[in-house]
Each structure stands twice: as structure tokens, then as C-alpha cells.
Amino acid sequence: MNRRRHLILAGAAGLVLAAAFLWWAFLAPAGHVFRLYDRERDQVVLAVPVRAGDRLSLEIEHSFEHIPWYEYYTVTGDYQFNLDAIAVAGYGAGIPAEMDVPTRIEDGLVWMEEINSRFPRFSWITSDKYMKGFTLNDKEIFDFRSLPDASRIRGEIIQKRGYLTNDGS
């Protein structure tokens, strides 16, 4: 009888350990991931870990004025995107000229700061000519020119589940 009870207890302990491992491997909250998702091709084209406070920036060339345009974002505590500032090499078609935010000119760029607009996600139709680099904490992580022109891309932050799953989950 004692041996049978030991076998049952060992089996139960093994099941508990297996369940704990499976939860850790595939279900446990495991941080957040910024990903670019191609909506037409149904595939993740970029996935990188992010934390609240991380800085993202996007480099664009204005399609009509042909001047540089930079957007600067911070990842918020609730994992959205806060537009902190934009820097543009002038004013022209489509460039916000009358924003009620601190504005300065530096190194040939018009800086509009303290914008504080929040976005839960980005939805872009890309340009292989005018959308350029995307950086995370001053390190380039993606070049939009590597995508086919007019790709329908969604940028979002998702909570990664499981420590053994891939970052594109």
C-alpha cells in the first residue's frame, strides 16, 4: 500500500511539474514585443522586445516637398505610442504649421515638441522611396525600403506569451 501511495504522489508531482513547465513555456507573460505586421501577406516582418520608456523614431522623406521628416515616439506605461516630437526641414504641404506646441529651428530642421499624441498602433501603406529607417533607442531596426511598395503594415506592441515561443507570437 505504501508503494502504491508513493507512485501516485510521484505521478501527481510529475503532472504538476509538467503543467508548470507548459504554462511557463507557452502561456506565462514574458514581456512585450514591438512588431511590424504585413496585413496583406499575413506575416510578421519585424519583432523586437520593448519596454516602457523605449524611444522609437521614424525617418520619412516628404513625398511632395522632398525634405526630411522625423517622428519621435516613446513607449508608454500601457504600451502605446506617444508622439513626442517631429522635426521637418521646412513647412509645406501636409506639414503641421500651427500646432500649439514649443517650436524651434535647429540644424535646418523645424522641431515641434511636447506634442503628446497617443496611438495604440500604427497603420501604414509604405513607400519604397519615401519611408526610410525605423529606430529603437537610436539603433536602426528596420528599413521600410526593404518592403514592396505600398505594403499594408501595422505596427503594434503585443504581450509575448511563453518563454519558449517566438517573438512574432
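Predicted model: local features only at pLDDT ≥ 70, side-chain atom pairs only at ≥ 80, totals over all residues.
**Entry: Ala-87**

I started with Ala-87, which sits in strand E5, a stretch covering residues 81–88. Buried or exposed, I wondered about Ala-87? Its relative accessible area comes out at 0%. The cut-off for buried is under 20%, so Ala-87 counts as buried.

Next I asked which residues Ala-87 is in contact with, leaving aside neighbours within four places in sequence. My list has Pro-68, Trp-69, Tyr-70 and Tyr-72, and then Leu-109, Val-110 and Trp-111. I also checked the spacing to Glu-106. Ala-87 and Glu-106 are 19 residues apart in sequence, and their C-alpha atoms are 9.2 Å apart in space.

**Entry: Asp-42**

Where does Asp-42 lie? I found Asp-42 in the loop that links strand E1 (29–38) and strand E2 (43–50). Asp-42 has 57% relative accessibility.

**Entry: Asp-107**

My last stop was Asp-107, in the loop between strand E6 (103–106) and strand E7 (109–112). What is the phi of Asp-107? I noted about 50°, a positive phi in a residue that is not a glycine. For accessibility I wrote down 73%, so Asp-107 goes in my notes as exposed.

Note on methods:
Residues numbered from 1 in each chain as written. Heavy atoms only, no water. Helix = DSSP H or I, 4+ residues; strand = E, 2+ residues; numbered from the N terminus. Buried < 20%, exposed > 50% of the residue type's maximum accessible area, 1.4 Å probe, protein only. Contact = heavy atoms within 4.5 Å.
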